[in-house]
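Student: I am new to this structure. Please take a close look at one part of it, the protein surface by the DNA, and then at whatever connects to that part.

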There are 2 protein chains.
Amino acid sequence: METTGDVVVVRGEEELFARAGHLWEHVSDLACAANDLYTWSVTRPSGPERQQRPERIRKLYRPGVLLDPSTAQHLRGLADSGAEIRITPDEINETIIFDRRIVILAGDASYGVRGYSVITRQEVVAGVQSLFEAAWRAGTELAVYDAQIAEIRTLAPRIMELLGSGCKDETAARTLGLGVRTYRRRVAELMNALGASSRFQAGVRARELGVV
Amino acid sequence: METTGDVVVVRGEEELFARAGHLWEHVSDLACAANDLYTWSVTRPSGPERQQRPERIRKLYRPGVLLDPSTAQHLRGLADSGAEIRITPDEINETIIFDRRIVILAGDASYGVRGYSVITRQEVVAGVQSLFEAAWRAGTELAVYDAQIAEIRTLAPRIMELLGSGCKDETAARTLGLGVRTYRRRVAELMNALGASSRFQAGVRARELGVV
DNA sequence: GTAGCGTTGGCAGGTTGTTGCCAGCCGTTG
DNA sequence: CAACGGCTGGCAACAACCTGCCAACGCTAC
């Protein structure tokens, strides 16, 4: 563990849980941005020590989380239970904010153990909060985005499977009974939902989200 | 659990462990083919019930497992301890064979719970064994392949990072101080090591192996 | 000092992918 | 029944990628 006054960097989910697990006990205003459903769930205790539910929960995700029907269903369930969920096509830094007082920023997960910055300095917290608010305002309500992406979702598994098989677009299109232009339209829509600018990146992203 | 006489299909690692965990106790001739290091480790008990080590262990992997230095080091350790390890560029069906008597074939892991076929019918076991032997003979000794891939491995993380960033080859090449032809040579080598025929497939594979 | 070998990188031809354009088709609405 | 809107799919221009070819360079051995 490294400390620099109001910013503490911890490495790995265990250290993060030890450091921040208690924050869930009394939080009333929770805001988070994540690339998938798991990023912040590791910090949250799931036993009897979990107290009352926060008064306000806001969650901001990338569209890719809606490509998996079960994940989409889970998010709808959360929304039905009172959580406010929005979707943003923009790149987001994975962040969680407790009561506008404590911020945790997730570091790069590409290699080895992930680092998390736990920030309590109020000026910094305020800055991160305002960035979150801007991203939140630009987001689209879950229900609205879900309706838009429903069509993509029905075909997404087959397209992902075909993309993952390594075959050419022409072959994949024929397999689905589509013209190659239409197949490529669908692929472009998936790339957008995954927030990817290349097919390699889309492949990585799809695997991370478990949709391939 | 579904049964068809000498072939039993189980779903998920827990059922597999319950069904096949005991096989490790007295096995003396073990042969397996896997895409990563974890596929068959879930079936193996790790406590005191594990008896003596098999007399012969043969493991066949795809080259991608050597892209990660720590995975490569682990495999070298296994080889040093007496296991015979070979690498094959060909597609392999994940298989494990106990004493030429019992075979387990891993099913598709793309979605949901993975199915495993546990086969005891001797004709089928013999057939699978001979397929394994053919693939084994075509494989390359770990040490030989490792030496060949060492060069690729040093640059692989940077290339994966750049590929994963979604930027163009020209940009990535400049970032690494290489010509775009040379960069594309390295990418082609990585694609081969990953057994991928498209960049999307390579992205998926790289993420599965944890090298991006 | 020279020959041989391996690698790099520029060039180029071919393939694959990205996206715009537009004709045709189908379903809906007035 | 006609008009309209949306979607499909063929075509095409362009971009990005894939791989062969070859000159140049650096290193090693003799």
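**The surface near DNA strand C**

α6(B) gives the largest share of the surface near DNA strand C, with four residues. This is a predicted model. The elements that give two or more residues to this surface are α6 (180-194) of chain A and α6 (180-194) of chain B. The residues around DNA strand C are A:K168, A:D169, A:R181, A:R184, A:R185 and A:R199 from chain A, and B:L178, B:G179, B:R181, B:T182, B:R185 and B:R186 from chain B. Of the atoms of DNA strand C that come within 4 Å of the protein, 50% belong to sugar and phosphate. By class, the surface has nine charged, two polar and one nonpolar residues.

Phosphate oxygens of DNA strand C take part in several polar contacts. From chain B, a polar side-chain atom of B:R186 is 2.6 Å from one phosphate oxygen, and a polar side-chain atom of B:T182 lies 2.9 Å from a phosphate oxygen. From chain A, a polar backbone atom of A:D169 is 3.2 Å from a phosphate oxygen.

Two salt bridges are counted between chain B and chain A. In a salt bridge between A:R207 and B:E208, the closest N and O atoms are 2.8 Å apart.

Key
Residues numbered from 1 in each chain as written. Chains lettered and ligands numbered in written order. Predicted model: local features only at pLDDT ≥ 70, side-chain atom pairs only at ≥ 80, totals over all residues. Heavy atoms only, no water. Salt bridge = Lys/Arg side-chain N within 4 Å of Asp/Glu carboxyl O. Near = heavy atom within 4 Å. Polar contact = N/O pair within 3.5 Å; in protein donor to acceptor, adjacent residues only side chain to side chain. Nonpolar A, V, L, I, M, F, W, Y, C, P; charged D, E, K, R; others polar.
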